[in-house]
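Here's a quick briefing to read with the model open. Have a look at the fold, then work through the points below.

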Amino acid sequence: MSTPTGVAHIMRLCRDAYTNIARQGMWRTAVRFARMREVKFGTVIGSDKFGNIYYEDKQEVWGRHRWVEYPGGLPWEQPKESTTVPPEWHSWLHYISDYPGNSQEILSLTPSRFKMDHLPNQTASETAYAPHNHILNPNYGKQNMNHYEQWSPNSTQQQQQEGKREDK
């Protein structure tokens with residue numbers, strides 16, 4: 001006799017929750033649930049200089065078996081900054097590479113001249129990017145905005161004729 005898919009899924013979740021509580025304790029399991037809205041425990045693959053911890057659980061469904069936990073406490077204590085994931089770890093998280101971000105294979109492939117220090121997300125801050133013609137740009141209205149010349153067909157024909165004369 002087979003069990004329905006929904007019942008089997010609920011049984012697996014209960015088994016995983018019990019196993020996780022036994023391994024990690026009730027508090028750690030509750031914190032993980034509050035952070036990620038699910039209870040996932042896996043093998044720690046590594047961490048980076050920002051304090052992000054990377055996990056893998058091969059028993060999970062493919063595509064959901066690699067994840068990152070950002071540093072900080074509960075969700076309302078500190079906003080999660082997904083831009084702190086370095087490129088090396090990004091390639092591992094998104095299945096571009098099978099090598100974790102702290103492996104020598106990945107680190108040797110990244111030229112040091114292209115590496116830059118991390119700059120946090122600047123959206124909605126004083127240092128956010130604004131184009132020269134945007135009202136939030138501090139120099140808006142102080143510059144001459146006439147950067148373009150009006151096109152006229154006569155000037156184009158004259159330039160073409162001058163180019164032909166120079167070719168002869």
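Two strands count as paired if DSSP finds at least two bridges between them, and helices (H or I, at least four residues) and strands (E, at least two) are DSSP runs, numbered from the N terminus. This is a predicted model, where local features need pLDDT of at least 70, side-chain atom pairs count only at pLDDT 80 or more, and totals for chains, interfaces and linings use all residues. Residues are numbered from 1 along each chain as its sequence is written, and side-chain values use heavy atoms, with hydrogens and water left out.

**The sheet**

- Three strands make an open sheet in the order β1-β2-β3, with antiparallel pairing.
- Out at the edges sit β1 (43-47) and β3 (66-69), each pairing on one side only.
- From one strand to the next, the twist averages 30° (axes are lines fitted to C-alpha atoms, for helices over the stretch in contact, and angles run from 0 to 180 degrees between N-to-C directions).

**Who pairs with whom**

- β1 and β2 are antiparallel and share four bridges; serine 47 has isoleucine 53 of β2 as its bridge partner.

**Burial and the core**

- In a regular strand, side chains alternate between the two faces of the sheet.
- β3 is covered on both faces: Arg66 and Val68 on one side, and Trp67 and Glu69 on the other, are all buried (under 20% relative accessible area; exposed is over 50%, partly exposed in between, with a 1.4 Å probe and protein chains only).
- The largest nonpolar core has seven residues: Tyr54, Val68, Tyr70, Val85, Trp89, Trp92 and Leu93. Helix α3 (residues 87-93) gives the largest share of this core, three residues.
- Such a core is a set of buried Ala, Val, Leu, Ile, Met, Phe, Trp, Tyr and Cys residues joined through side-chain atoms within 4.5 Å.

- Most residues other than glycine have a negative phi.
- Tyrosine 95 isn't a glycine, yet its phi is positive, about 65°.
- Tyrosine 95 lies in the loop between α3 and α4 (104-109), and is partly exposed, with a relative accessible area of 23%.
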